[in-house]
Structures are given as C-alpha cells and as structure tokens.
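Hi,

Here is the structure I promised to pass on to you.

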Amino acid sequence: MLEVQGLRKSFGDTVAVRDATFSVGHGLCYGLLGPNGAGKTTTISIITGTIDADGGKATLDGEVISTKNPGPKRNIGYVPQDLALYTEISALDNLRFFGSLYGLIGQHLENRIEYGLELTGLKDRSTEPVAQYSGGMKRRLNIVAALLHEPSLIILDEPTVGVDPQSRNAIFEALEALASEGKTLLYTTHYMEEVERLCQRVAIMDNGSIIAEESISNIRKLLPQTNEVVIELDGATGKLTAALPGTQRQELFDSTLTLEIADLNRDLPRVLLALADMGIRYQSVRTQEGTLEEVFLHLTGKTLRD
Amino acid sequence: MLTLLIELVRKDLKIFVADRKSVMISFLTPVILACFVGYLMSSGNSNEPKKVSIMVVDQDNSDFSKTFLEKLKASDSVDVTVTDEAEATKRVKQGDFPLAVVIPPNFGKDAAAAMIAQADGPSYRFLSDPTRSMQVGMAQGTIMQTTMRVLPKVAFAGSTSTVGEAEHRAFDVKQEYETSDRSPATSMSAHAFAGMGIQGLLFWAIESAMTIMRERRQGIWKRLRASPVSPWMFLLGKAISAAIRALAILTVVFGVGSMVFHFHVRPDLASYVGFVLIAISVSIMTACFGLLVASLGKTEQQSRGLSILAVLGMSMLGGAWFPLDFLPKFMQTVSKAIPIAWAINGFDDMVWRGGGIKEVALAVVVLSAFSAVFAAIALKRIQWEPEAG
C-alpha cells in the first residue's frame with residue numbers, strides 16, 4: 001500500500017507541493033489530476049525516490065521511499081512523462097539495459113522482455129532503432145521499460161500525451177490488463193475520460209495542494225446539487241410560453257429544451273406534467289451527470305488544460 | 001554489481017557506435033588536425049636545407065662584390081638572384097622576395113680601407129618586407145657571415161698576412177638529437193600528434209558531456225534515478241565507457257601517426273608499458289573531464305561555451321599548439337597546473353625522448369590526481385533534480 005503523508009517540496013521560492021496526503025490501496029487504480037504546474041510531477045518524483053521531500057513522507061508497504069533507499073524502488077515501476085528511452089539503439093537493447101538496472105539477467109530477463117513486447121504489440125519491430133518508431137510506439141515502449149521487474153506499484157505520469165487514438169487504445173488495454181493482474185496503478189493525466197475509464201479513486205491537485213480526494217462516483221457529488229435534464233420536444237415549441245415548475249434554469253434552442261432542476265425525483269415529474277398540460281409532446285428525455293471536468297472547474301475555477 | 005557496470009558501459013558503447021558518422025568524426029578530427037600540424041612541424045625541422053630567396057643589386061662591381069656573390073650563391077642558406085635596383089624594389093614590394101641587398105659603388109674598396117684603418121665603413125642597403133622578418137633575419141645573418149669571410153681576403157690581397165682568413169673553419173659542430181629515433185623531424189610530429197590528439201580528445205569529451213546533459217533533458221535520468229542503482233554507479237559507468245572510447249581514439253591517432261610520420265616508442269618493454277600507462281591515464285582524465293563539463297552549467301549551451309573556452313586555454317598553455325619553451329617563464333610555471341601539459345609531456349617522454357616507466361610515472365600520478373579531482377567535483381555538483389513541475 002502506498003501512503004503519502006504531508007509531503008512538502010520547494011524549489012527556491014517556488015512551493016511545488018504543500019502538505020499532500022493520500023493513500024492508494026493494493027490493486028487499485030488511482031488518478032492524480034491537475035493542470036500543468038499543479039505539483040503532480042514533483043509529487044510523483046518524490047514517490048519514485050527521484051528527489052527527496054522537504055517534509056512529510058511517502059511509504060510503500062511501510063518502507064519510507066527516498067533517493068538513498070533502494071528497497072522500495074525495486075517494487076515501483078515508473079513511466080515518466082518524457083520518452084525516457086535511448087533512441088539510437090533498438091527496443092530490445094533498451095529493455096535489456098533497463099531490466100539490468102533491477103538485477104534481471106539471462107533467460108528471466110528475456111522472458112520479461114517478451115511479455116512486455118507482447119503486451120504492448122511491439123514484438124515485430126523490437127530490433128529496430130527506437131528513433132524509427134512512431135510517437136505511439138515510443139510511448140508503449142516507455143511503459144514496457146517500467147514493467148520488466150514486475151513491480152507491485154506502477155506509476156504512470158501522463159503516459160498518453162501526444163499519441164494517436166489507436167496507440168492510446170493499445171495503452172489502455174495494456175493498463176487494464178495490468179489492473180486485472182492486481183497491479184496498483186497511480187495515474188496522472190490531463191484527460192478526464194482516461195481517469196473515468198481506468199481509475200476507482202481520484203485526487204485533484206492545484207497549486208501544489210490536494211483539493212479533493214474521493215472515489216470517482218463520490219467526487220461528482222462535490223458539484224452543487226443540481227441536475228441537467230435535456231428534453232427533445234416534438235415540435236409545437238411555440239406553446240412553451242411560461243417557466244416550468246421546479247426549474248432553476250430553462251433554455252430552449254430549436255427543439256432542445258435544457259433544464260436545471262434541484263431534485264430529479266421530485267421535480268422531473270412536475271416538469272413533464274406541465275409540458276403535457278401545455279399540449280407539448282416530447283421525443284426523448286435524458287439526464288446528464290456532472291463530469292470530472294465540471295468538478296475540476298467547480299473546485300479550481302479553471303479548466304484542466306489551463 | 002559487475003554485471004550492472006558492464007551493462008552500463010555496454011549500453012553507452014552501443015549508443016556510440018550506432019551513429020557511424022559521429023564515430024567517424026570522433027576519430028578523424030584529431031587525426032586530421034594532428035597530421036596537419038605534424039606535417040608543419042616536421043617539415044620545419046627537416047634535415048633538408050631551407051633556402052631564403054633574396055635579390056642582390058651589385059653597384060660596386062668590384063673584386064670584392066664578385067667574390068661575395070660567388071660565395072653567397074654557394075651558401076646553403078640563401079638563393080640569390082642578381083638584378084638591378086628598380087627590379088629589386090618592385091619585387092620586394094610585390095612580396096616576391098623578402099629581401100634585396102644593394103651593394104653600393106666602391107663598397108669593397110671602402111670597406112677594406114675601413115677594416116685596415118679600423119674605422120667605420122660603408123653600409124649595405126637592405127630593402128626588406130617587414131611581414132617576413134624571420135626570413136629577413138636569416139638572410140641578413142648569412143650576408144654578414146659571407147662578408148666577414150670575403151672582406152679580409154680582399155683587404156689583405158698581396159699581403160703575407162693571413163689575418164681574418166676564413167676559408168677554413170677552426171672547428172665545426174655536429175648536432176645529435178636526444179630522441180627515440182635521433183630524428184628531429186619525426187619527434188616534432190610526435191609532439192604535434194600528442195598535442196593535437198589530446199586537444200581533439202578534450203573537444204570530444206565536451207560532446208560526450210553534452211550527451212549526458214541531453215539524457216537529463218530527455219528525462220532519462222529521472223528513470224535511472226527511480227531505479228535502485230546509486231548515482232555514483234551511473235557516473236562510474238559513464239566514466240568507464242568514455243575512457244574506453246577515448247583510448248580507442250588515442251590508439252587510432254598514434255597508430256596513424258606512427259604509420260605516416262614513422263615515430264615510435266623505444267622498442268623495449270619498459271617503453272611499451274610506459275606508453276600504455278600514459279595513454280590510459282590520459283583517457284581516464286578525458287572521461288572525468290567530460291563528467292566535470294556535464295556538471296557545470298545548467299544548460300548544454302552554458303556548459304559547452306565554458307568548456308570550449310577552457311579547452312582552448314588549456315591547449316595553448318599546456319603546449320598543445322607549440323612547445324612550452326615558446327611561452328614566457330611565468331606561463332611555463334602556470335602550465336604545471338594544466339593536465340594537458342602533463343599529458344603531452346608524458347607522451348613526449350615516451351615517443352619523443354624514448355623514455356620508459358620511470359620517466360612517465362610522475363605524469364601518470366599527476367593525471368590520476370586530476371581525474372580524481374574532476375570526478376569528485378562532478379559527483380558533488382551534478383544536478384540530478386528536475387525542475388519544478
């Protein structure tokens with residue numbers, strides 16, 4: 001289990017991380033969300049033992065992670081945001097080198113390399129220099145290099161930046177396969193849909209602090225308790241002359257009526273009865289749940305890509 | 001640990017040989033530089049006499065001037081063309097000749113009279129090109145020497161006295177060069193190969209350092225730091241791989257030198273071992289210098305700028321461009337603090353002076369000390385931490 005308690009880190013006068021606290025249980029996929037400069041990469045650098053914190057601590061299965069303690073590092077697989085590969089040499093040579101850093105040798109190393117290459121669909125081109133790979137292939141190889149030593153915790157720092165949809169899908173399938181093997185994943189990204197697809201729990205960082213930490217289903221409840229209802233009217237929109245009961249916001253664009261209501265169970269039937277009373281028929285009614293993007297906007301006042 | 005170290009070194013060597021153009025440049029640059037400077041230095045010391053072409057205007061037309069011209073033409077220092085004053089002036093101005101000497105009318109008669117009377121005599125007129133002072137100086141020396149040989153004969157013609165007769169020399173000088181092959185030409189080229197080879201090696205070390213810094217910029221260091229391997233192990237791997245490559249470059253440089261310029265170490269075990277020791281010491285020093293460069297400056301541009309300046313300064317003060325004897329005394333003292341000077345001196349001990357292990361021992365110790373200092377500073381200063389993000 002990964003435990004992060006009161007982490008603090010500054011670079012000169014710039015505070016990169018302030019009192020970050022969260023924990024990631026075994027076999028979970030945990031999302032760390034935040035815009036550029038939020039402190040995600042610094043937090044991850046401390047958790048991977050790349051840099052030391054100024055205060056607080058990160059532990060893996062009870063052992064403190066630091067630059068000088070190689071113990072926990074053996075159980076962490078780190079996929080950096082950058083393509084941390086030697087592009088002049090082949091994928092095989094890269095993997096042999098990165099595997100050797102964790103003490104892998106001989107047939108065991110070769111087996112692990114084969115597993116990684118198969119998992120990410122790179123086996124056919126493993127002898128080519130990495131410089132000849134597409135961006136998506138390099139991203140996949142970047143991930144394989146972190147998996148060779150069978151870590152229990154895999155930390156992925158924006159692993160899908162700049163990849164095409166096909167490669168992104170291949171990466172997702174690989175990550176889902178790892179999750180199904182019971183690996184613990186710590187995942188940072190700009191993309192909400194990735195967190196929603198992969199993660200069970202999420203922390204939102206801004207200005208070095210964690211401003212929310214919840215399960216995916218609960219974090220939407222941080223939005224103000226309103227629900228958006230979209231009703232496709234069947235013509236006769238001219239008959240809609242008055243405000244509908246129980247609505248906080250009412251917008252009509254062509255035949256699409258968008259409403260905001262406080263309580264779905266109480267107010268939606270009243271709205272539908274009012275429409276029937278006006279002689280307005282409708283083709284469909286659908287409700288929209290608040291998205292993580294909206295949660296983030298609500299909490300920070302800015303979008304994730306700011 | 002050894003397996004890991006071998007992997008670290010092997011990976012760097014694979015990366016090095018993967019870029020064949022870069023490999024060619026790494027080897028050819030010091031070889032071409034060394035060959036060029038070696039050729040210049042060896043031809044400047046060749047046993048083949050080098051004559052300075054001069055013009056002579058004989059307005060005296062006397063026995064003295066005729067004998068003088070005859071002896072001057074026989075000299076192996078100057079090549080004489082006799083002409084008139086107008087032509088001589090024109091050709092010197094054009095830069096065709098560095099010097100024209102005018103023998104004025106009655107020069108021989110007046111000079112002989114002055115010699116007997118021990119009074120001031122007449123003067124030659126020298127028309128010279130001020131940009132070629134070295135050749136002018138050499139030619140003037142030959143002219144004065146020839147005059148002193150011819151003038152007494154003319155002055156005392158018919159006399160029983162033979163004072164000043166200089167047709168024979170009372171003594172002569174036979175010069176020997178204390179080198180491995182007794183040849184000044186091949187030894188000077190060996191010195192040039194050592195100087196240019198080491199200078200080229202240090203420039204290569206700068207590029208090697210840039211590769212290390214690029215790895216940091218590309219985020220590879222982050223991945224390495226996240227592994228359980230300690231930082232000093234990575235630096236050790238870098239240093240060993242760089243030293244192996246430097247040794248390969250030195251081998252090629254001196255290999256080409258010995259084939260083209262025929263210099264060699266003294267053919268005995270002590271000299272061979274001494275040469276290998278100094279070559280290994282220089283290679284390790286170069287590798288550690290590369291680490292030092294990588295640890296200086298926050299960006300590649302900063303480190304490259306600083307280190308190019310440092311290599312050029314060290315090359316000049318260390319005797320890579322010309323022998324240290326050409327420098328003022330205080331600069332020769334300063335050179336003791338420059339690793340290039342010790343490296344060149346070590347190679348000179350082996351290839352030029354024909355020394356052995358004993359002669360090269362001090363240079364090996366000093367270069368090892370420089371390596372240790374460079375590596376210690378690099379380990380302390382090198383920036384592992386990424387910028388805030």
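The centres of domain 1 and domain 2 of chain B, taken over C-alpha atoms, are 51 Å apart. Domain 1 covers 2–44 + 181–381 of chain B, and domain 2 covers 52–155; the bounds come from an automatic or database domain assignment.

Before you go further, please note that this is a predicted model, where local features need pLDDT of at least 70, side-chain atom pairs count only at pLDDT 80 or more, and totals for chains, interfaces and linings use all residues. Residues are numbered from 1 along each chain as its sequence is written, with chains lettered from A and ligands numbered from 1 in the order in which they are written.

Now to chain A. Its C-alpha trace spans about 80 × 45 × 35 Å along the principal axes. Chain A has 10 helices and 14 strands, which are DSSP runs numbered from the N terminus (helices H or I, at least four residues; strands E, at least two). Of the 306 residues in chain A, 40% are buried, that is, with 20 or more other C-beta atoms within 10 Å of their own; 12 or fewer counts as exposed, anything in between as partly exposed, and C-beta atoms are placed from the backbone.

Where the chains meet, 30 residues of chain A are in contact with 23 residues of chain B (contact: C-beta atoms, placed from the backbone, within 7 Å). On the chain B side, helix H1 (2–18) and helix H8 (220–225) are the elements that give two or more residues, and H1(B) provides the largest share, 7 residues.

What about the interior? The largest nonpolar core has 141 residues, and A:Ile155, B:Cys288 and B:Leu291 have the most contacts inside it. A nonpolar core here is a set of buried Ala, Val, Leu, Ile, Met, Phe, Trp, Tyr and Cys residues joined through C-beta atoms within 7 Å. Helix H7 (residues 184–217) of chain B gives this core its largest share, 14 residues. Apart from it lies another core of 26 residues, including B:Val92 and B:Leu151.

B:Glu359 counts as partly exposed because it has 19 C-beta neighbours inside 10 Å. Leaving aside neighbours within four places in sequence, B:Glu359 is in contact with B:Gly274 and B:Asp349.

Best wishes

How values were computed:
Two residues are in contact if their C-beta atoms, placed from the backbone, lie within 7 Å.
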